[in-house]
Each structure stands twice: as structure tokens, then as C-alpha cells.
Amino acid sequence: MSRAGHCRVWPVQDYDLASTLSCGQAFRWVPDRDGWVGVVRGRWVRLSAGNGWVQARTAVPQRDWRWLTDYLQLEVNLAEISASWPQDPPLRAAWAACRGLRLLRQDPWECLASFLLSACKAIPQIQALIARLCACYGEAVPVPPGQSAAWSFPSPERLATLPESSLRRLGMGFRAPHLLAAARAVADGQLDLARLPRLPLAKARERLMQLPGVGPKIADCVLLFGCGFQRAFPVDVWVARALRESYFGGRRVPAGRLREFADAHFGPHAGYAQQYLFHHVRTMPAAQRRLSA
DNA sequence: TACCAGGAGAGCG
DNA sequence: CGCTCTCATGGT
């Protein structure tokens, strides 16, 4: 396989592509026969995987594949991450059940916009809403012959020009003004997302939470999935449920306290642990979870 | 019909 | 601080 072209294969151990693309950290991947089709940083790409390899096909020849290898985090060593975790039964059970699940490194703006829209919605609805947003306000990207049309994620500059009513028409409800305010802040240069990864975690979180509609949970999603803060720990209803069930005897605990517990308990890669707990609790019935733990 | 969905924010005791 | 209510919409 030539290094420059439409196609590329990478050898990689313990990479569960299906879990990684469908576990709720990214919302634009669509199953396609034995693979997945999506748009990453404005490029159409089809991914497939087998035992020990991941393959990509693009619409346009690629000279430099770093936009994709960085997105897929191919160089990350999962064993080192799990070795940094505590050896408690609930986490080991999630680790065993979700073998090969990876965190992606996504575009921060797409991440911020997507999770603003995720508030209080089911994942399939989030996917559908984001698909409508891209089809209406993204730019058409080249696709291979015979493939259905695809769009880039709309830029903050583009969304900032829209009236709120245009966004509400897509079914965003109360999230529409939040997305609009975020688009304007980024387009204005008032919020520099590219700078966030160089700030201390607490500062970066504080900065994001100045936006209307961005609280601790959405801020942590952007920091973990888009800025590379491995310690960020988004607490949503599912993770809260999993933590209460496994570490607090089923008692109800405020989200802030759960995040503090997680930070102290799971350590420098707490965010990775969060995704395993999230995926596990969402894909496995409670009785079966307790059995394997 | 009632309830829930990868929340946030205001109001209240 | 911790609880409750509201925000808008679509799905079981």
C-alpha cells in the first residue's frame, strides 16, 4: 500500500473501531457494510478494521495522514492507561467488557457545538440533529463515485451569521441560543479554542463554562474529547448511575462530588475510565454487570 | 399519558 | 450547599 493516495492501512493492537466510533463520544459516524463512513476535519473518510489493523479510504488522495492518525489516536498505548487505574472490580469489569475502546481526539469546535446540542437528548436524536445541522449549514465535501453526499461540520463563522429561528427550525429547542452564543464567541475570537489545551485543566474548564449552556458536564466533554485533557471526567446521567451503583452503595450523590471522587480515585487517565464505565453501563444490563464484577 | 433523554441555570430554604 | 422547576423536542 503506497503512503500517498486514497487508501492507507495501519497496524494497531487492541483497537475496537466499532465501539470507538459508536460509543457516544462522536456523533457523525454511519455504519457502512463492514466499515464506517464519516467526515473528519472536512474530509470524507471510510474506515474499516480487522484483527491488528485499521484501514482508511478517502475521496481525495492524501499526502499527509496526520489529521486522521491524530483523530484516531493510533499511537496511544491502552495497556499503559489501564495500568494507571486502580484495580477495583467495577472498572476491571468495564475494561474487560469494552476491550479496545479508544478515546478520539476531535476538533474542539465540533465537540463544543455537538455537546451543546446533546443536553437532555438521546444519542440517536443527537446524531439526527447534528446530521441536519451539517446538511443545512456545512459545506459539501468531495465523496467517491457512488457514495452519498457529505458535508463538513459548519464553521462558527457560518453559524454566527444565522438568526436563532433558523437553528430552532432544525429542532434544537432551548439549545439554539446556546449554540449561537458559542459560535459568536469563537468567530469573534473572544474564545480561542486552540489555546485551551495549553491552559491548566481548571482554567480551561472555567473558560468554557463562561458560555451560556456550558456547565461542568459539557465543558468536560470538550476538554476530554477535543482538547486532550485525559483527567477531565464528564458526569452525565449514565456515569452518575454507574458510579452511585459501584462506589456509593446506590445512594444519590451530587454530580460535583462524583467528579471529585473520580479525579482522586481514577487518577491521570480518569477520562478514559469514564468512557469505559459509560459504554459498559449503556450496553450491558445491570444484572450481567454485577455478575462480571 | 407520563416519563426520559450524555444539562444548565435560576430560585428557594 | 442541595433541592426543584423550567427550558424544547421527540421517542417509548
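This is a predicted model: local features need pLDDT of at least 70, side-chain atom pairs count only at pLDDT 80 or more; totals for chains, interfaces and linings use all residues.
Residues are numbered from 1 along each chain as its sequence is written, chains are lettered from A and ligands numbered from 1 in the order in which they are written, and side-chain values use heavy atoms, with hydrogens and water left out.

Helix 5 (residues 108-118) has eleven of its eleven residues buried, so it is largely enclosed by the rest of the structure. Those buried residues include Trp109, Glu110, Cys111 and Phe115. At the start of helix 5, a side-chain oxygen of aspartate 107 comes to within 3.3 Å of the backbone nitrogen of tryptophan 109; a polar contact is a pair of N or O atoms within 3.5 Å, of which, within protein, one must be able to donate a hydrogen and the other to accept it, and residues adjacent in sequence count only if both atoms are side-chain atoms. After helix 5 comes cysteine 120, which has a positive phi, near 60°.

A polar atom of the side chain of glutamine 106 lies 2.7 Å from the backbone oxygen of glutamine 25. When neighbours within four places in sequence are left aside, glutamine 106 is in contact with Gln25, Ala26, Arg41, Tyr71, Phe225 and Gly226.

## Helix 11

Helix 11 is mostly covered, with eight of its ten residues buried, among them Asp220, Cys221 and Phe225. The elements that cover the buried residues of helix 11 include helix 5, helix 10 (201-208), helix 13 (255-266) and helix 14 (270-283).

## Two further buried residues

Tryptophan 95 belongs to helix 4 and, at 12% relative accessibility, counts as buried. Not counting residues up to four places away in sequence, tryptophan 95 touches Leu78, Ser82, Trp85 and Tyr276. Tryptophan 95 and histidine 279 are 184 residues apart in sequence, and their C-alpha atoms are 10.0 Å apart in space.

Aspartate 32 lies in strand 2 (residues 30-32) and also counts as buried, at 16% relative accessibility. Apart from neighbours within four places in sequence, aspartate 32 is in contact with Val37 and Arg46.

## The chain as a whole

Chain A contains 15 helices and seven strands, taken as DSSP runs (H or I of at least four residues for helices, E of at least two for strands) and numbered from the N terminus. The radius of gyration of chain A is 19 Å, close to the 19 Å that the globule rule gives for 293 residues, so chain A is as compact as a globular protein of that length; the radius is taken over C-alpha atoms, and the rule is 2.2 Å times the number of residues to the power 0.38. Along its principal axes, the C-alpha trace of chain A spans about 50 × 45 × 35 Å.

Of the 293 residues of chain A, 51% count as buried, and among contacts between residues at least 6 apart in sequence, 65% join residues at least 24 apart.

Conventions:
Buried means under 20% relative accessible area, exposed over 50%, partly exposed in between (1.4 Å probe, protein chains only). Contact means heavy atoms within 4.5 Å.
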